[in-house]
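Student: I would like a close look at one part of this structure. Please walk me through it step by step.

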There are 2 protein chains.
Amino acid sequence: SKYREITRLASPGTLVETTDDDAQYLAAVVEGKSGEYGLAFADITTGRFLVTAVDGADAASAELYRFAPTELLPGPEVRTDDPLLSRLQERLDATHTLRPSDEFGPGRARHRVRERFGESTLESIGLDHDSPAVQAAGAILAYVDDTGLGVSAAMSRLQHYRPDDHLDLDATTQRNLELVETMQGGSEGALFDTIDATVSSPGRRLLREWITRPRRDQELLARRHDAVESLASAALAREALRDCLDDAYDLERLASRAASGSADAGDLLAVKQTLAVLPALEDAIDDTPLATSPLPDLLAKPDRAAAADLREELDAAIRDDPPKTVTQGGIFREGYDEELDELIERHEELERFLDTLADREKREHGLSHVTVDRNKTDGYYIQVGKSVADQVPEHYREVKTLKNSKRFVTDELEEKEREIMRVEEARGELEYELFEELRERVAARAELLQDAGRAIAEVDALASLADHAARNDWTRPELTDGDALHVEAGRHPVVETTTEFVPNDLHLDRDRRFLIVTGPNMSGKSTYMRQAALITLLAQAGSFVPARSAEVGLVDGIYTRVGALDELAQGRSTFMVEMQELSNILHSATEDSLVILDEVGRGTATYDGISIAWAATEYLHNEVRAKTLFATHYHELTTLADHLEGVANVHVAVDGEPGEGNDVTFLRTVRDGPTDRSYGIHVADLAGVPGPVVDRAGDVLDRLREEKAIEARGS
Amino acid sequence: SKYREITRLASPGTLVETTDDDAQYLAAVVEGKSGEYGLAFADITTGRFLVTAVDGADAASAELYRFAPTELLPGPEVRTDDPLLSRLQERLDATHTLRPSDEFGPGRARHRVRERFGESTLESIGLDHDSPAVQAAGAILAYVDDTGLGVSAAMSRLQHYRPDDHLDLDATTQRNLELVETMQGGSEGALFDTIDATVSSPGRRLLREWITRPRRDQELLARRHDAVESLASAALAREALRDCLDDAYDLERLASRAASGSADAGDLLAVKQTLAVLPALEDAIDDTPLATSPLPDLLAKPDRAAAADLREELDAAIRDDPPKTVTQGGIFREGYDEELDELIERHEELERFLDTLADREKREHGLSHVTVDRNKTDGYYIQVGKSVADQVPEHYREVKTLKNSKRFVTDELEEKEREIMRVEEARGELEYELFEELRERVAARAELLQDAGRAIAEVDALASLADHAARNDWTRPELTDGDALHVEAGRHPVVETTTEFVPNDLHLDRDRRFLIVTGPNMSGKSTYMRQAALITLLAQAGSFVPARSAEVGLVDGIYTRVGALDELAQGRSTFMVEMQELSNILHSATEDSLVILDEVGRGTATYDGISIAWAATEYLHNEVRAKTLFATHYHELTTLADHLEGVANVHVAVDGEPGEGNDVTFLRTVRDGPTDRSYGIHVADLAGVPGPVVDRAGDVLDRLREEKAIEARGS
């Protein structure tokens, strides 16, 4: 029913018409046996349809957070107090829509998927028949089909991805690293907002995907880096390329509009214009340094012959200035359809007859004040001024008397009227029929449009990365299969754009895999550690990195634990949250991971905190063997470097001798070794704490350092 | 000029008309020699005018924060980068108004004060001639006089107070204890908002003053406690008293309005009505248990004979329903002034003549359709209908012809007109003159009104304290000159109203003067310590306290240092702020003070933090000897109890054995001794940290407790 269509249209995940450039995912999540989760994501506006299966609620939550769906279909028999669901409701800005349980049924879902994509789909994309991912995909298809809008036509491909293809970034880490939104919740000041220089919506969507889903495929990343390198060094060619992109519309979304039947003539013209961007890009690349980059291969991926055919077909069909509505007529060029041309010719002939009829009547019957016109009630009529109304010939039949004139019809006029109405109707019907046929032919080539759109988006995203790299003096990272992370003069990609930044080196490898970072408050320890994570992440997104040079051994995941102010302000037991995050890292990280710990154990008693931090360090170093940066106020931990071969100390250097009476200046330069000065006591001195207290604190500190018992000075 | 008056009226500190019940202080601060600060505070709306001198910028800042002025006149030659001024600009919501330097000149200020309050004022209030307080007072007088509104007339007394009269509460402590506003900035949930049950604005102002400026005078406080005790136990008499207070207006503000000439007849009626509250209160006390309380003495303080005289005078003068504007006439009762009575009588006679004139003319001259009326252009006239206009007698002089009538005057009518205008003018002038005289007589008794208003406010504030005490089962504290603070089953006055509260004991005295409070996060350590401070503060405000019993040795000040979330969120170096606050406490507290420390040293490296906390504890215990509660995560500090005679450990008890696998339950019961369990490691276990890490953390903890070096387990 019409009503149903309207309510469906309003569902946030199936809204085809949207003014938002971002991807707009409809997601389904199904818990399978033994803690496996099936996930399916469909962007109805572009036809993208992805499925995967992951282990455990945390991984499912991380994937969902990454895609940020606008609507979520939680699996069958879900309980409202399900912990995963509660977490998702809190962290995602998604409508939760409950669907009938049977739509998640394995048999029914399998049937739906096969019916839609072919009998051997599951085998060919490497998806197990029993995977809960199939159930999730089936539920999405059922829901989309249920809208009755035919939008699923644009979902021409089911893509199966393995989480292993991507870097593991849990939801907490995505938030901590402020990839697309800051801790405060805005997009301004987040990594994506800072580096985004794309010119088109599809380019922006793709770059966002690259940033939130970095890869582990060295070959793929090398191609991106090659492209960025060529584009970064060829400024003129890059600008020419970006100029071409200005003409590109959102092909994926246009394909989806064609499939759902909502595309108008202007949309098809946009398809034509955007398909022309492909050869334009090729022309812009020819005879420039970009000719030897991966860009030509990238542009060759879509079926270019089919694209040219479709473009020619659209060019031959649609006029350059088509009307806004498809029922208005005037969409098609002359010569596109013989029957339509004939109808148009006859229509115009009749219109010419009527246009000249008044003159003929005046001439033939010696009348003045004659006009021919039509309106709704009278149809066509000859109108004669009252002064000469009695001079009309006999075959004029009066139909209406007005104040100053009379209206007449003739047999001839009535016949012409019948004919022109017949022709008009036939022309409208034929034109609409032809348009629908054309739109369906475009919809049938959704895959082609998606491929072409994707190629254009990739050029945009790569050019954006190159543009930012060139403008900010970023460098190409050397990706290796090894364990090292060597950064010379690295910077924080966001902070460097807003403040004068002191670059710092970082050296991590198998033999020096665990850095204990000490130094005073506010000295930039957190920035230094996040910088390490972001440089790794950017390298694995295919981007250049903010450093003089960087060797990045590919990691399988980045895990972070940093103090969360918002939770503090909410008065939650931060220590429990802190321990849960630590627990997740200890369980998930591998020797190929990068771990960032910004204070662990501060939420509890000192001895407990030190003990937990100590034991966690040993565990990460001995068992997990992950590359780790650990900022701590527990000076005790710095002795670990003496005992554990892979542990080293670094500290943020501070200028000025404590006790010299001059203020402390933070250089924000990171150096090897533990911090060796008592900034705390120095600050206490600066703050005016009485001399005897400052002196005594120094004594106590000495005893603590010597690990001697302190004897209280009593009175 | 008029313009100047208007701009002056807009100045926040000199705005007489206000809808806000709170005191509205105009303050001046002058830095004298050797770090002394002179302060003057004037509440223009009530005429209160206070001066003091304090030592140092911190004390000045504390006094200013306490009075929360709406406008501040900073002393002469002040620099915009003055640190005190910057701090005040940040913490106070006050307009800063710069005044000419010479108005702060010592000679000129002295002259102004003597001119206003008499030659020997300074001597009689015990203020040194050279005190910067005199300069501050002079600057305020100059500013208020400059408004040209005569409001300074209500400032009938200059009161000199010594900061020693009051408990020392620095600005940080006022904020930390959330006396009148919470850390978040609102008033809801603050101590004052919670306990305020006053029924009048002056009562509310006074109670707020008591809470923010507790006293050190045992005799004065005993009187307040006696009154609260009587009122708390005599519920019926208390309610009767509070009913009487419903009729009370704000006498202090009415006096100020009278002085500034803005009081209208309704205001004088309000003065009369409020003066009648004094005998009404006395009647409500007679023959009740309150007759033996301090209340009768309190009500006897204002000059009751003078109050009765003024009340009679006002009653004899002003009608019960006076007009809204003083120029409207009809304010005074008959018999108040003979001349006025005569004028009114003559006026009414003339009006009667005019009212009956039309009838007389009809009768005498046989006219119909006659009316007598007045308007602005024609004055009084006789209007006659057109049909009979030609029958008017000869002495009628036509003045105007209308469509259906004509207007006439006569010599007689013109004469009466002149007379009635003369009488009206004379009556208006005399009435306004009489009103001004009466208003000035009221203004001249500003002191009486202030005394009476104060007495009524005190009854209201005491009844409010009694009401809250009775409703919440509070108890009378036993005030002593000693050092003890013994609280049985104490509660937090605010928290107990919103949550189910576990009462706790507290024992502090000379021999057990320093408590180290340990226990897990969120277990209520902070609430326990604030509770101790608030019970002491309430006792010294004259209030009952939330406890089964409480012995409170009078303290000279309360000092607190607690973590400030807002500063954390602003990204400031919290450690510097922390050390400045600690420094202030170590310098300011005495052996008669109460000190609350909620974590010290956490903003820096552990060893530094422990060292500073250790040295500060020794200093407070040995040198300052203040009663202190110190909550800490540094378990190391608990050993201090073994060495320092006045140090004891207490901890928040927790239910359930760690390691039993059951969740931790916080009993929030405070017990003697240090906390002896590893909640941190237990929570880590609950959070799912891998078993080997939890076990190893336990080992490390054991070594730490035994003060043995920990050997890292390497790989």
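Student: How far apart are the end C-alpha atoms of helix H19 (residues 446–472) of chain B, and what should its 27 residues span?

Tutor: Keep in mind that this is a predicted model. Helix H19 of chain B has 27 residues, and at 1.5 Å a residue they should span 39 Å. Now compare the model. The end C-alpha atoms of H19(B) are 38 Å apart, which agrees with that figure.

Next, look at the cover. H19(B) is mostly covered, with 21 of its 27 residues buried. Buried here means under 20% relative accessible area. As background, an α-helix has 3.6 residues a turn, so residues three or four places apart point the same way.

Then see what follows the helix. After H19(B) comes B:Asp473. The phi of B:Asp473 is positive, near 60 degrees.

Move along chain B to the strands. Strand S13 (residues 485–490) has two antiparallel pairings to look at. Take S14 (residues 504–508) to begin with. Four bridges join S13(B) to S14(B), and the two run antiparallel. Find B:Val487: opposite it, in S14(B), stands B:Leu506.

Now turn to S16 (residues 549–553). S13(B) is joined to S16(B) by four bridges, again antiparallel. Here B:Leu485 has B:Val552 of S16(B) as its bridge partner.

Methods:
Residues are numbered from 1 along each chain as its sequence is written. Chains are lettered from A and ligands numbered from 1 in the order in which they are written. This is a predicted model: local features need pLDDT of at least 70, side-chain atom pairs count only at pLDDT 80 or more; totals for chains, interfaces and linings use all residues. Side-chain values use heavy atoms; hydrogens and water are left out. The expected span of a helix is 1.5 Å times one less than its number of residues. Buried means under 20% relative accessible area, exposed over 50%, partly exposed in between (1.4 Å probe, protein chains only). Two strands pair if DSSP finds at least two bridges between them.
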